[in-house]
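These are my notebook entries on a single chain. I record below what I looked up and how each term was set.

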Amino acid sequence: MYLNKTILFYIAAILFLAGCKKDKPTTANDPPEECVESRAAKSGDIIAGRYIIAYSNSVNARTMSFGSLEEKGESVLKEHNISVSRMQEVFGGEPGGFIATLSPEEVTRLKRDLSVSAIEPDRIIALATCFTVAEPRLITWNIQRVGYGNGIGKTAWIIDTGIDFDHPDLNVDVTRSKSFITGNPSADDENGHGTHVAGVIAG
């Protein structure tokens, strides 16, 4: 009798522990767990010889056009006897500036420039360390409407304050744009809200 109670106790304990461990059942409808891109091991690594140069407050880059930003960057480089071919990219906003390939000695010279507020090495930045591809059946209706992937043949109509026709990240069909504001025939955005909404949809 004692042996039977002991055996029953162990059987009950095993059954209890097994019942507590509930593995998530796998079904055909589960999205894949494999990463398309594994951890970005180089995220944060410095790009040798490449620097981000930010302007000081004396340069109002926020109001400058792309062409003016490029001219300003070239002017700064020329003042310090650095070839303008070293400039890779320009960026506006606040503070604005440019990206260039420089030697350590050239960086030292640029740091003395009163129009430059900061210089730091350019780095590799990964937006995500891992991602999965959603199955088409999991993509929401709004993305299905405007398309995903290359989006060829799809159109998203923005009824808002307009869209910045010159925005580098947006593909605006100016010929199909229309303004409903009396006295203003252009749908070019003078407010910013419509451009913001278009950017969210494009993203």
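**Basis.** I am working with a predicted model, in which local features need pLDDT of at least 70 and side-chain atom pairs count only at pLDDT 80 or more, while totals for chains, interfaces and linings use all residues. Residues are numbered from 1 along each chain as its sequence is written, and side-chain values use heavy atoms, with hydrogens and water left out.

**Overall fold.** I found five helices and four strands in the chain; helices (H or I, at least four residues) and strands (E, at least two) are DSSP runs, numbered from the N terminus. Read from the N terminus, the order of elements is α-β-α-β-β-α-β-α-α. The chain has 203 residues, and 21% of them count as buried (under 20% relative accessible area; exposed is over 50%, partly exposed in between, with a 1.4 Å probe and protein chains only). I also looked up contacts (heavy atoms within 4.5 Å): among those between residues at least 6 apart in sequence, 67% join residues at least 24 apart.

**Sheet.** I noted an open sheet of four strands in the order β2-β3-β1-β4, with antiparallel pairing; two strands pair if DSSP finds at least two bridges between them. β2 and β4 (116–123) are the edge strands, each pairing on one side only. On average, neighbouring strands are turned by 20° against each other, direction ignored. For angles, axes are lines fitted to C-alpha atoms, for helices over the stretch in contact, and values run from 0 to 180 degrees between N-to-C directions.

I then followed β1 (residues 46–55), which six bridges join to β4 in the antiparallel sense. Between β1 and β3 the pairing is also antiparallel, over five bridges. Y51 has P121 as its bridge partner in β4, and Y51 stands opposite A100 in β3. Y55 is opposite V116 in β4.

**Helices on the sheet.** I recorded that α2 packs on the sheet and touches β1, β2, β3 (97–101) and β4, its direction making about 130° with that of β2. Helix α3 (residues 104–111) lies across β1, β3 and β4, and runs at about 150° to β4.

**Single residues.** I looked up the loop between β2 and β3, where P95 is found. The peptide bond from E94 to P95 is cis, with omega near 10°. In the loop between α2 and β2 I came to N81, whose phi is near 55°, a positive value in a residue other than glycine. N81 counts as exposed because its relative accessibility is 71%. V174 is in the loop between α4 (141–146) and α5 (193–202); V174 counts as partly exposed because its relative accessibility is 41%. V174 and I163, 11 residues apart in sequence, are 9.3 Å apart in space, C-alpha to C-alpha.

**Second largest pocket.** I read its space as about 210 Å³. On a 1 Å grid over the protein atoms alone, a pocket is an open set of points where a 1.4 Å probe fits, with protein on both sides within 12 Å along at least five of seven lines; lining residues have an atom within 4 Å of a point. Grid points are joined across faces, edges and corners, and the volume is the space filled by probe spheres set on the points. The lining of this pocket comprises 14 residues, with M64, S65, F66, L69 and P168 nearest its centre. α2 (66–79) and β2 (87–91) each supply at least two residues of that lining.
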